[in-house]
Each structure stands twice: as C-alpha cells, then as structure tokens.
Amino acid sequence: MQFHNQVLDNGLEIIAEVNKEAFSQSLGYFVKTGSRDESPEMAGVSHFLEHMMFKGTPNRSAVDVNRELDDLGSQSNAYTSEEQTVYYMSVLPENQNAALDLLTDMMRPALRDEDFQTERQVILEEIAMYDDQPPYGAMERAMEVYFREHPLARRVLGTRETVAALDPESMRAYHEARYAPNNLTLVATGAVDFDALVQSVEKMTKHWKPSSSARSLRSPSIESEDVAMVHPPATQQYTLQYSPGPGYCDERRYVTRILASILGDDSGSRLFWELVDTGLAESAAVFTQEFEECGLICTFLACAPEQQEENWEAIRNTLAAGKQNPITDREMELAKNKICAGMILGSERPSNRLFSVGNAWTFRRKYETIQAATKHYQAVKIEDVQEEFEKLSDRKQVTVTVGPEA
Amino acid sequence: MQQKVFEHRLPNGMVVLGEPMPWLESVAFSILLPAGTHHEPSNRLGLAGMTLEMCQRGSGPWSSREVVEQLDFLGVERSSSVTTFHTSLSMAAMASVLEPTLEIAATIIRDPHFPDDELEEARQSALLELASIEDDPAQKCFKELKRLRFGEVYGRSSLGSQEGLEETTLDDCKKFHASHYHPDGAIISLAGNFQWESFLKLVERLFGDWTGMPKQAHAKVVSIPGSSHLKHDSQQTHIAIAYDAVSYNHPEYYQSRGLVGILSDGMSSRLFSEVREKRGLVYSVSASSHSLDDCGSVLCYAGTTAPRAQETLDVTVQTILELEKGIEPDELKRLKSRVRTSLVMEQESSSSRSSQMAYDWAYLGRVPTRKELLSTIDALTCESLIEHYSKFRPKSWSLVTIGPEPLEFANAVS
C-alpha cells in the first residue's frame, strides 16, 4: 500500500491509496457540501443536485452519461448526507482514464431545465417512499427537534414544499459556490496509476475556478424534549433518542464507539441480551453518528406498541447502570475484537477502502493504513469507557416515538 | 483469471467445495443444509426458522451466550437464513481463525442443546420479525407475490405464520432437526486464504462421522398465474410482477439472464430509462432472475405514488414486452462489460465467492469457473437473445400491489 497526495493549482486535492495487486480501482469525488450547507428555503438542494449530476454535461447528454457508466462496466453511485456529497465508481484498472474523464466531466453538469422538472418527480417519489417508513420519519423528526436552529436540523431530502419550490437557476448558483475545485477531493484506491491520474485531472480541470465556500460551524444548543408522533398504518412502535456525543474530529470517538458496541451492538451487547435475545424487542440498539463539530449517541427501540413503555424503561435502566454494573475486561476485549475484525474484513475491497480513506482525509486530513486505524481501538482504556458510561444518562436527551396510536 | 475450484464428496454425502484466493487475508464459508420451508408441516409454518434459531442458542460445549461471545472473540461476521429448499449458515473471518470458527459452526449444526427455557424467547423473536414486515410494504409485497405464485408449499415465507409459530414446540424443532439436518444434500463451500488439504482434513474431522437420512425427492414446482391487491394506507403503491423464464439450471439460462440484464442492469437499462429517467415515475424499479428448482421466473418491482401507479405498471409491462422488437448491439456490449467487471471483482470478496459456489452446486451439481461463465456470456448475440425471447415468451404472469387502490392488469395476463 502506498499513499499519495497532491494539490493542483486550482485547489483540487487528489489522494490515493495504491495497491498494485488489487483487481480493481475505485474513484470518488468527495464534495464538502451537504444539507447543513443549505439555506432553509433551499432545503434538499444538495441531494437534488446529486441526482442532476447524472443528467449530462455540456459534452454529454443524460443518456450518454448512463451509457458510459455501463460501458465501463462500472459499479457506480452517489450519496448525499448532512456533511458531504460523494460520487464514486469502481472499474477495472484498464478503464482508469475513461472513468476519470466521465466522473470529472460530471462534476460540471449541464443542469438542463427539462431534466430538472422530470428529476423533481423522482425526488418526490423518494420522499414518499421514506414517508411510508415510520422509523425514517422518527429519525428526521429527532434531528429537527435536537438541532433546532442549527443547520444539521434540516432534512437531507428536503420537504415536498422546498423541493417543489426549487428552481434550476438557484441550483446553478449553489453548484457554482459549492463545487469549486478547492471544495472537492478526488480519492482513488486499489490498482491506481497515480501519476497518470494527476496528469489527466490537471488537464481536465485547468479552467475550474476556486471560490470561498466556507461552512459555518457552531455547537448546537440542546433542550431535552419528548415528542410522540402518530403514523396510523404503522404496526410497530419506534423510539429514537439522541444525546450529545463526539464528532468525527474528536479523539474521544473511539471510546464512545466501544461503549456503544458494548451497550447496544446488534449482537452480543447488553441490550441484545436483555431485549432482543429474549424476544421482547425486534431491535434495541445504541450507535453513534458523527458530524464535523459535534456528534450524537443514538438509542433505538423497535417493538410492539404495548411493550414500548416497559422496554424503554429497561433500556433507560441499562444505560444508567454505569456504577452498579461496570464495564468488564471481557466486554472490552470482545468489543475491540469485533470492531477491528469487521474493519479488516471490510477493507479487502478497494470499493470499501475508498470511503475509509476518503472520509479520514476529508474530515481530518489524515491517512492511515487499516492496521494503524485498528490500533486506536486497541489503545482505548477500560477506565475511559467506564467514565463515559457513568456520564451517559446525565446528558440532555431528545426522544421521538412513532407508532399507530398516540 | 486464474482459478482453481476443489470438489470432494464425503462418504456420508456431504459435498465440500473450496476456492483458494491467496491474495486475501480472510476466509468465508457457507454451509447449505437440505432443510427448507417446503419441509415444514402445513400447521407449523416458520418451523425451519425456529429450528435454526434454536440451534444457535447453545451447542457443543457452549451455552447460548458463549456461542455469541466466542464468535465475537474470534471476530467472525455471520449470517443465517432459511429459503424454500435450504437452511444456510455463513461466516467470514481472518484466515488464522478458520479452525475454531468452523468448529463452532459444526456444533451449531450437529450438536444443538435445544434449551427448553429459550423456546419462548425464540418464538417471541420470530413473532416480532413476522410482525415487522407489516411496516415494510415493499418486502411484504414480495412475500405475497411468492405465496400467490408458488402456492401453499413452495410459496412459503421463511418468517412463517403467526399460528405456526405459536403452535411450535421444542419437540417439533428437535424432530425437524433430526429429519432435515443431514449430510446427504449438505454443501460446505470455502473461499479465501486457505490450503485445500488441511481444510478437507478439518471438514472430515468435524463432519466425517455425521450420519442421517438420505436426501428426499420433492414434487415439481410450478408457477400459478394470478393477481391480488392488499389495501394499505400508504403514499406509494408497491408493485411486484412476475412471469415465467427458464431456471438457473436450464441450458439457455444466460440468454434469459441477458434479457433481464437488458431490462434492469445498470443506469442505461431499459426499465431505469423508460420508467425513471424519461418519465420520472419512480425512485426504484428493477427486475431480477429467480429460480425455485426447475421453475424460473423474472421478478420485477416498482414503487410509485398512488395516482401514477397505473401508468407505472403499464409502462413497466410495455417495456418488458418490447424486448421482442430487438436488442441493440450497444446494449449487449454494455451488458457484457458489466458482467466481465463483476466477475473480476468477485475475486475481491471471499464471502460472495463462497455463497456463489454453494448456490451453484445446489442448482447445477457443479461450480462453473469464471472463464466458462465469461465465454458463455461472450457467446450471447442480439439474435440469440431474441430467439430465446420468442421461444420463452413472458407468460404465467403474477401481480401483487400494496397501496390505496388496486390496478388494472388485463393486457398481459395469459
């Protein structure tokens, strides 16, 4: 494995973890823009734009883009989160140039009016699809209640109203501001020819102009709150609780992730043995979500509506039992082994490595081999996990529950 | 594409498959047992899944909790499932822990404790899982499609029924285990970083003295045309369609798979272009090949808001029927390129390779190599696909919709 990085004159950064032995390569543009960078009335524009990026460029029609992606035999896709928008493809090494040419051209889309109108319908279908899934609605609502005036409160998909109100002109302006070369990172993993990569990208992006596309960072102000929602067609009750946790630049995240695994992993955790293995709940989990300046510790319960109260009480007791029921050495060992083995197994495909390498660099400007990354977990001390556990229930909490009846 | 597939049959009938992938650090195995939902008594629907769950609640020297802890300690990723014909157990781990991992898997299969104080817990878990599908209309739509299309025995869901789960006793699980967890008809396939000879010795040690009844024959699976609508107070209408196609073990399977690829593989595929890109009718639309023994089907899905559901169904069916008008050489070229890439990339994952090998053996009684597959795909022509289409025209249609209103489905049903 060899790591390379280079910044072009226009500010575009290129990084690669090269593994000459790999069968494939993966390429991705990581754009530092997401729902948190939108104004309230433009909510959903990052995600809508992500769809529009596949709709052609001044050099290619929408049909051309789709055909070329398939011609290259690529496995390709894109996603938008609160924090970033990522476009990626995996191809055979011999297709590096063609793949790069296509993906780079796609970063300068045509954003044609007629495509915009058709694609808006697809986005509205996507919103309707998630609206029919009650846990997803609980998640969106919990983000809104927890983050309030903070930009992370906004829905990644936007709402029916904001999506209906968006127009191509304002999307073009958003694109110009957020897709400047200094806000993009090209990430490559696997069997990559790095020199050729840099040479081609340099040529293709020479005319791209940098811009100042800052992100506003501030700590969210949190007030504890409980919200109950009714979704009549639902048959199960879903409960989601958010409380403050470390962000993705915070070194304490390893401690919190181990604690979350011990308490609420989907197998072998305390909540698993208490509620899932016993058949009391379909799911009872603790996990973390990390953003740039802050993060969340999330607790999730899915069960029959009549059992919600009792199960939730059991979860609260388990999470508040830091002093009575301290973390054991065995729990630490199992959690570390599970997390590290999962990371190593997942790293065998260049397409998975793309996200680890890309996120570590774009979030923290740090490159680590998979072995180095697992060492952070191995180094976590039981005292620190125990301390975090004891503080867990003192935090402010936002709880949202959704089910068939109030 | 260098590839060596080892095959061996133990005297007790168990088939052992292995494909070394020495460039990986991992190994992954799949174990298929001839114990499917079609073996369940009709008043015990869900028994196969309950039995599998109970097998994982303590086995060999380990208690229920110790099995989980031991696998976590070894860093093993695992999954298990039940299908119409099989129960499967899959695990992936670092190559260095293959032996202790397989030892645990062997006790789960051969030596479960069936603790009577855990039956209720397993039952409650199964009932919750069955109930949760009610909040996932797309999945529910396919469950209903399978029931409608393949009938009472072969259309069963692994989730079972509420009555079946409620009636199941520990004795039922023990009997199901004794009658269907046996070596004749069982397959173990391993892919990743390992030595074949030492793996074979390990399998012989763990499974060599395993005995059981011989594999049983079963009645032919046939598709049953028809349609049904489930009323659901949702924004989207979920549409699941099926029609006859040749099955995985048919000599012309890849002609059929090629047609499905033209419909649904990639962003330039016809369903994606016609239903989503041109008309903006859906977020998801897809088609896939499905086989139950000799009975092959193409399954399609589209989800769209209710007022546009009829148009979505009509355009989807129209797009399928228009295959008859011909295949463009460029479409076929793209399809071949995608297949070639995915075959190369299959070498990056021990998990996907091991499950593919087990599936191949279960259906074909052999494991085709990548080279063979590639030459079969290379041999497809636009003419051969159309010829296949004319020979095996879509027929025996099934349709299930879930949503506020039923849809008209007259044109295609035959």
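How many strands form the open sheet of chain A, and in which order? The sheet consists of 6 strands in the order E1-E2-E8-E3-E7-E6, and their pairing is mixed. Two strands count as paired if DSSP finds at least two bridges between them. Helices (H or I, at least four residues) and strands (E, at least two) are DSSP runs, numbered from the N terminus.

This is a predicted model, in which local features need pLDDT of at least 70 and side-chain atom pairs count only at pLDDT 80 or more, whereas totals for chains, interfaces and linings use all residues. Residues are numbered from 1 along each chain as its sequence is written, and chains are lettered from A and ligands numbered from 1 in the order in which they are written.

Axes are lines fitted to C-alpha atoms, for helices over the stretch in contact, and angles run from 0 to 180 degrees between N-to-C directions. Strand E3 (residues 25–31) and strand E7 (residues 85–91) of chain A pair in the antiparallel sense over 7 bridges; A:Gln25 stands opposite A:Val91 in E7(A).

**Helix H9 and its partner**

Helix H9 (residues 253–264) of chain A has 12 residues and reaches 16 Å from its first C-alpha to its last, close to the 16 Å expected at 1.5 Å a residue. The expected span is 1.5 Å times one less than the number of residues. Of the 12 residues of H9(A), 11 are buried (20 or more other C-beta atoms within 10 Å of the residue's own, C-beta atoms being placed from the backbone). Among them are A:Tyr254 and A:Leu263.

H9(A) and H12(A) pack at about 105 degrees, with their axes 9 Å apart. H9(A) is therefore roughly perpendicular to H12(A) (65 to 115 degrees). Residues are in contact if their C-beta atoms, placed from the backbone, lie within 7 Å. A:Arg257 and A:Ile258 are among the residues of H9(A) that meet H12(A).

**The contact with chain B**

The contact takes 50 residues from chain A and 51 residues from chain B. The largest share of the side of chain A, 9 residues, comes from H4(A). Its classes are tabulated below.

| Class | Residues on the side of chain A |
|---|---|
| Nonpolar (Ala, Val, Leu, Ile, Met, Phe, Trp, Tyr, Cys, Pro) | 22 residues |
| Polar (the others, Gly among them) | 14 residues |

Methods. Contact = placed C-beta atoms within 7 Å. Parallel < 35°, antiparallel > 145°, perpendicular 65-115°, else oblique.
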